[in-house]
Amino acid sequence: MPFTFIVMSQTAIRWHPWRHLRDHHPEVVVSCQHELHATRMGFSRGRRIWLCSTLTQAERRCTLTHELVHVERGPLPEGLVAVRREEAIVNDIATRRLITIEQLVDAFRWHRHGSAEQLAEELWVDVPTFTFRMNALTPIEVAELENRLDGEWTYAC
Ligand SMILES: [Zn+2]
């Protein structure tokens, strides 16, 4: 019998928004059939989520995650400032689900001096999601990246 060694890295534990939808929000209906306005990748209202029909697979993954966080947090607050603050919170939660620090370490191991496009592709997210996550890194997360990558990584935003 041949010996098979399987390496299960942390990357294998990837966030699956469609699975999360099925397991935790079976009442939510997602529609991907309509092309939305150019400024919108998706939106949600009540128990319904719309994803623009022209999104790439990575964009759909990121947008569904974002909209699921909206569903979980409830309706947007009143007022522009409050809406912007809520969107920032939703983006932070969504991008952390999509990109864990373990996955970020792995991505930088493959592309130590990679572009945002290369790293986003490696992480199976869109570039805005990757960029948001990088800009929201805490000092502890930066220190962890620095330590785990032996200082051998650069990222220019
Ligand atoms: Zn939003």
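Which residue in β3 is the bridge partner of Val30? Figure 2 has the answer.

**Figure 1. The whole chain, with 7 helices and 3 strands.** This is a predicted model, in which local features need pLDDT of at least 70 and side-chain atom pairs count only at pLDDT 80 or more, while totals for chains, interfaces and linings use all residues. Residue numbers start from 1 along each chain as its sequence is written. Helices (H or I, at least four residues) and strands (E, at least two) are DSSP runs, numbered from the N terminus. Going along the sequence, you get the pattern α-β-β-β-α-α-α-α-α-α. The C-alpha trace spans about 50 × 50 × 25 Å along its principal axes. As for pLDDT (the predictor's confidence in each residue, from 0 to 100), the chain average is 92, and 92% of the residues score at least 70. Over residues 1-8 pLDDT stays under 50, and the model has 0 contacts there beyond four places in sequence; a contact means C-beta atoms, placed from the backbone, within 7 Å.

**Figure 2. An open sheet of 3 strands with mixed pairing.** The strand order is β1-β3-β2, and two strands pair if DSSP finds at least two bridges between them. β1 (29-31) and β2 (42-45) are the edge strands, each with a single partner, so one side of each has no neighbour in the sheet. From one strand to the next the twist averages 15 degrees. β1 and β3 (residues 48-51) run parallel, joined by 3 bridges.

**Figure 3. The hairpin of β2 and β3, with 2 residues between the strands.** These two strands run antiparallel and share 4 bridges. Ser44 sits opposite Ile49 in β3.

Figure 4. Axes are lines fitted to C-alpha atoms, for helices over the stretch in contact, and angles run from 0 to 180 degrees between N-to-C directions.

**Figure 5. Helix α3 (residues 80-98) crossing helix α6 (residues 127-135).** The two axes come within 9 Å and cross at roughly 100 degrees. That makes α3 roughly perpendicular to α6; angles under 35 degrees count as roughly parallel, over 145 as roughly antiparallel, 65 to 115 as roughly perpendicular and the rest as oblique. On the α3 side, Asn91, Thr95 and Leu98 make the contact, and on the α6 side Thr129, Phe132 and Arg133 do. Sorted by class, that gives 2 nonpolar, 3 polar and 1 charged residues. Here Ala, Val, Leu, Ile, Met, Phe, Trp, Tyr, Cys and Pro count as nonpolar, Asp, Glu, Lys and Arg as charged, and the others, Gly among them, as polar.

**Figure 6. Helix α4 (residues 101-110) packing with helix α7 (residues 139-148).** Their axes are 10 Å apart, at an angle of about 40 degrees. α4 and α7 are therefore oblique to each other. Ile101, Leu104, Val105 and Phe108 of α4 meet Glu141, Glu144, Leu145 and Arg148 of α7 in this contact. By class, the contact has 5 nonpolar, no polar and 3 charged residues.

Key:
Contact = placed C-beta atoms within 7 Å.
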